[in-house]
Amino acid sequence: MIHSLFLVNASGDIFLEKHWKSVVSRSVCDYFFEAQERATEPENVPPVISTPHHYLISVLRHRIYFVAVIQSEVPPLFVIEFLHRVVDTFQDYFGVCTEAAIKDNVVVVYELLEEMLDNGFPLATESNILKELIKPPTILRTMVNTITGSTNVGEQLPTGQLSVVPWRRTGVKYTNNEAYFDVVEEIDAIIDKSGSTITAEIQGVIDACVKLTGMPDLTLSFMNPRLLDDVSFHPCVRFKRWEAERILSFIPPDGNFRLLSYHVSSQNLVAIPVYVKHNITFREGSSQGRFDLTLGPKQTMGKAVEAVLVSSQLPRGVLNANLNPSQGTYTFDPVTKLLTWDVGKINPQKLPSLKGTMSLQAGASKPDENPTINIQLKIQQMAISGLKVNRLDMYGEKYKPFKGIKYMTKAGKSVSSYLFEFLFI
Amino acid sequence: MSASSAFNDEKGGSSSVGEPEYGHDPASGGIFSSDYKRHDDLKEMLDSNKDALKLEAMKRIVAMIARGKNASDLFPAVVKNVACKNIEDPNQLIRASALRVLSSIRVTIIVPIMMLAIKEAASDMSPYVRKTAAHAIPKLYSLDPEQKDQLIEVIEKLLADKTTLVAGSVVMAFEEVCPERIDLIHKNYRKLCNLLIDVEEWGQVVIINMLTRYARTQFLNPNINESLLEEGGGGDKTFYCSDEDEDEDEEKEKQAEVSALAKRKPYVMDPDHRLLLRNTKPLLQSRNAAVVMAVAQLYFHLAPKAEVGVIAKALVRLLRSHSEVQFVVLQNVATMTIKRRGMFEPYLKSFYIRSTDPTQIKILKLEVLTNLANETNISTILREFQTYIKSMDKDFVAATIQAIGRCATNIGEVRDTCLNGLVQLLSNRDELVVAESVVVIKKLLQMQPEKHSDIIKHMAKLTDNIQVPMARASILWLIGEYCEHVPKIAPDVLRKMAKSFTNEEDIVKLQIINLAAKLYLTNSKQTKLLTQYVLNLAKYDQNYDIRDRARFIRQLIVPTEKSGALSKYAKKLFLALKPAPVLESPFKDRDHFQLGSLSHLLNAKAGGYQELPDWPESAPDPSVRNVEVPEWTKCSSREKRKEKKVEKPFYSDSEGESGPTESADSEPDTGSGSESVSVSVESGSPSDSEESEESSESDEDEEEEEKEKKKKKKEIKQMQASERLVSRSKPDVSFQTIAPSSALKNYELLHRITGEGLSVEYCFSRQAFSPDANMVAVQMHFTNNATSDTKNLHIEDVKLQSGMRVKEFAEIELLPAGEATTAVMGVDFCDSTQAANFQLCTHTRKFFVSIQPPVGELMRPVFLTENEFKKEQSQLMGMNEISENLTLDAKCRNEHAIVQRVTTAANLSRVPCGSDKECRFAGKTVTSGSLVLATVATKDEGAAQLTVNCEKMVIGTMLVKDLLLALTQ
């Protein structure tokens, strides 16, 4: 299936390669570099490239391209999903997945890749099993290894592959038994010039950090499970139980994992937590434009809107912007024309605003495009959909675990305000 | 070492050179080559008797091989260790690792050893080793394709494996080595369907893709009736016309008959087809995008139209994943929206474009939106498109304008609106936008030019400003083509063009020549000189195409003495009515590739792509999927290992759903009954073969233990035999009194629709079957719902597993319309849950039916005192005891309820007991009379422990499963 893997950095250098079958020459990546040159943006490189003898399937994460070489028919998503799993594993092991981190831990990287694929077919991709086979690096272990020349391969023989529950190893022990769940929701909305919502949807995830002894069997129930329109589970969740009772019943993996991703049904009206008042005008013939932006909270149930970050791509004709923020700081990049305004926390008594003028290129005509405004924000202690966990129970073990649930709302890819004019109809 | 020193001694002896020779000896040459030394310690590690060291050495070697380093000098050491020692190692991980190393050595001499090792490992006790064997198969195949036949044998063997760990890997090997041998799948089809949910993610993808192909060869098209309706007209025609050729006519008649027959016969989905659809559906909730896509393509290719819709939501969910995932999913959605637009319409807004999307995603979303456009949503879509035109991403803007053009051609109602909008874009400041609009407008105008002469005039004016060659060429073509609509402007445009001719791009020059030719033919008075001027300029152009074109046109349109016959037709040639271009989706007809595949994405066949076959005309024999003979009775020496591991499904059994060790078929599946109208209750479960598997495992214990056990078994058997005698001599009244008074569960044997009015239900009456004490009594309840009488109801053609017997009920001679009657038949199930298949015959029809007993009905109650119970229980410990912890259902926390539920689920009797924390039940199997003991010990807060002791392990396991279900729900 997967023949080889090349890791390519932003400047187009191959800094790591791994072959599972025979060695494929580096020159195969030339086709990839060609495509990279043709693409205007890094993310515009086609994920699947066909070359005379091979196919290249790539993903871009953390400004590194992971390029897999394929020789025959295989579902492209199979490869893409696997490559993302590789990145997730690296992140899990090294904290970050950067070129430097990979180069520093090159031995572990090779060991991981060797275990994750056998003859090009995925073998062990569960982080729990991998961690039993190959110990994550620590400073002490790295030093000892450098001196003694030993490797990170586990001394003890792993049993995970044979455990009844493949995602959990046996014999887990903790002195403090804890289970934490983070309910994180993202709003993804497009709002038009007049402030009416074009689309708005809420996606959420429940990330868990479970450190429990033995083989605990957990059930998690919601006050309002009907909110959840579409869900996808970690393989540990018993699907039948969810279908029948809308209860999450599972034997958790050890450590951090994503229990559930969900989508809140679109019938429910999505409350947008902020509003934007804007006035951005360019006058024909004048080399000045006005910029006026005010933010305000809306439907936040008394919770503070924090970490607000506004960004806007101004038209190409804009030379510079001379603005005055009531709070926070702003930057304008005259090359990319990107305006960013780090607002911080919104104070409902004193609404943050950004006002001033933009200077236009002399003689240039009035810009056609209207800028879009992207807003990022965070609200602690609230899931905007109103989802509430009812209770968390544990069976199968005798001790009383410490349980914690945290809610958070974030703005997703784009809470954006498209400013446009109607063209026709 | 001893071998090498002996070698040296010999050498030294013969040549008597002595010292210097030793320097070259690899075994001692540490000073010169560190490589040799390192390999030496690897050799030492391989020879050590510590597991961890061996494993470490093996891993290093694999890593070396993977990095393309030459490890060939380690070859003998590895083979010696691996093939001879480690493959026999008691630790399963060492065995697996050894095989992995061995199979990674790409040297042809090793082929026979590898083959042997794979064969050995394929029948290993440990599923992990068997999985490794499956992984090794493609490796050996790529090394030596001539081993194919032998490897297929191994694949066949591994396909029969019942563990989830092996399933994915062996199907992978199957796909690499022999994807054409679809016949190997038949017997394993149901098992694979049932295992699927517990297989690891990557295996799921491979299995689902393979089963999609399988289903296309084995089942009928569920949408056949619709496609017949579409083609119906054509069939009738052939029936009536042409009576020249007798033979041909006959054939056609036959065909017509066949199709008519198919039309009349309602489509009934094969239960196996349903099984596949049902078991894959939950996987739409997988976190793995590849699994979701695999299920989606399965539904798209296999499901009835009405059911395909379920995949839309899951696919839309994937759009929130990484952009690479979005890219692939959108490609597939684009193909799906052409055939099944309806299912994505509710999710229209999910395809709206975000300013942060990469261009390639934007363009794909645009494609989907265009495919989804129809009369009702077009205005929203167009409004959305307007905002896109304002985008700063010019490639995307161009694509949007083209999309507007396609909407306009597809939906007549909005054509004028779109055209107006596009015309307004002509005054856009961005030249690219204008150019793209011109090209699209040109295509739209070709559909109805007469109405739009003012637009053509408007465009004529644009030639002064617009510089994009493609747009200029389009305008010129339009003016030439419709010069009658703009008789005054056209010559003027030509005049201007003639002036700038030399500075134009080639495509523009060609269109200038075209325009000149057309004007010359329609309005030669005004344009004769201009045309000649243009043609003269073209004559000396640098581009040979343009020179050629000029020569050709001059000959054609300017009449000379020499000009041929063609010039008469010049006007017809140039001003013929041209068909309007069709604006089609590039994704049209891409669905002949299996969706989700690489070939589909590239729209070209990739190497190793397996075609998705067309549905068969008539379904192949469905009985090939019935599993009959247990093949696991024979087992090799490998299985004698002591490593005993009860492979439990992770979740399946606690949920009472099909588990890896047991097929869902072995339980009466009420869900399937309501969903699929099928005559036979799903039959042919592999549980029988599994029984033999487990019993073989249990037989393979240490010899001494074995003997002791056999002794005990004999004793018990004797005891039971005597008991049986007793129970035979006595009337069976006692059993009847024991049977619980609770309502007996009814099962459907024949639905009244399939039975054409006759419906039959059956229940296990729990009465002794007087003609034969070894049989289970099955009470059948016949109801005649039809308007006519049914006569001669009887049983025929009984198909049974070896050892099973049936005592038929006496023929029912007459069952008048609207009446009902009952009859009792006896079945000796041989203590297995195998179905008894037979035909139920009336005077007119025969129906294939089957009876499948729940495990609880394979036993009858016995009276034991508490002491007797304890004594028997102590004899049935170890392997024969199965315990499970459970949480009792809230309604089932008192003694009465527990007794009620247990006795309903299984035909057992209560054993009197002193403690109120324990309920005990006893029974014995009907055929062999093996004791079945069940204990439910209750603890605090609804916790309880269920223990079943039974000599027959399969019965025990299944009973535990059923009782767990009964007590927890």
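Predicted model: local features only at pLDDT ≥ 70, side-chain atom pairs only at ≥ 80, totals over all residues.
1. A:Arg63 sits in the loop between β4 (55–61) and β5 (64–70) of chain A. Strands here are DSSP E runs of at least two residues, helices H or I runs of at least four, both numbered from the N terminus. The phi of A:Arg63 is near 60°, a positive value in a residue other than glycine. A:Arg63 counts as exposed because its relative accessibility is 65%. The classes are buried under 20% relative accessible area, exposed over 50% and partly exposed in between, with a 1.4 Å probe and protein chains only.

2. Residues are numbered from 1 along each chain as its sequence is written, chains are lettered from A and ligands numbered from 1 in the order in which they are written, and side-chain values use heavy atoms, with hydrogens and water left out.

3. Confidence. The model scores ipTM 0.87 and pTM 0.67. For chain B the average pLDDT is 76, and 77% of the residues score at least 70. pLDDT is the predictor's confidence in each residue, from 0 to 100. Among the elements of chain B, helix α16 (residues 289–302) has the highest mean pLDDT, 94. Helix α36 (residues 733–738) of chain B has the lowest, 36.

4. Contact means heavy atoms within 4.5 Å.

5. The interface. In chain A, 95 residues are in contact with 95 residues of chain B. The two chains bury about 8,600 Å² between them. Of that area, 59% is on carbon and sulfur atoms. Buried area is the accessible area (1.4 Å probe) that two parts lose on being put together, summed over both.

6. Chain A and chain B share 8 salt bridges, each a side-chain nitrogen of Lys or Arg within 4 Å of a carboxyl oxygen of Asp or Glu. A:Arg85 and B:Glu201 meet in a salt bridge through their side chains, at 3.1 Å, N to O. Helix α2 (residues 76–94) of chain A gives the largest share of the side of chain A that touches chain B, 8 residues. By class, that side has 49 nonpolar, 21 polar and 25 charged residues. Ala, Val, Leu, Ile, Met, Phe, Trp, Tyr, Cys and Pro count as nonpolar, Asp, Glu, Lys and Arg as charged, and the others, Gly among them, as polar.

7. A:Asn119. This residue lies in the loop between β6 (117–118) and β7 (121–122) of chain A. A:Asn119 counts as buried, because its relative accessibility is 16%. Not counting residues up to four places away in sequence, A:Asn119 touches A:Met1, A:Trp20, A:Lys21, B:His135, B:Pro138 and B:Lys139.

8. B:Asp797. The phi of B:Asp797 is near 50°, a positive value in a residue other than glycine. B:Asp797 is placed in strand β4 (residues 790–799) of chain B. At 42% relative accessibility, B:Asp797 counts as partly exposed.
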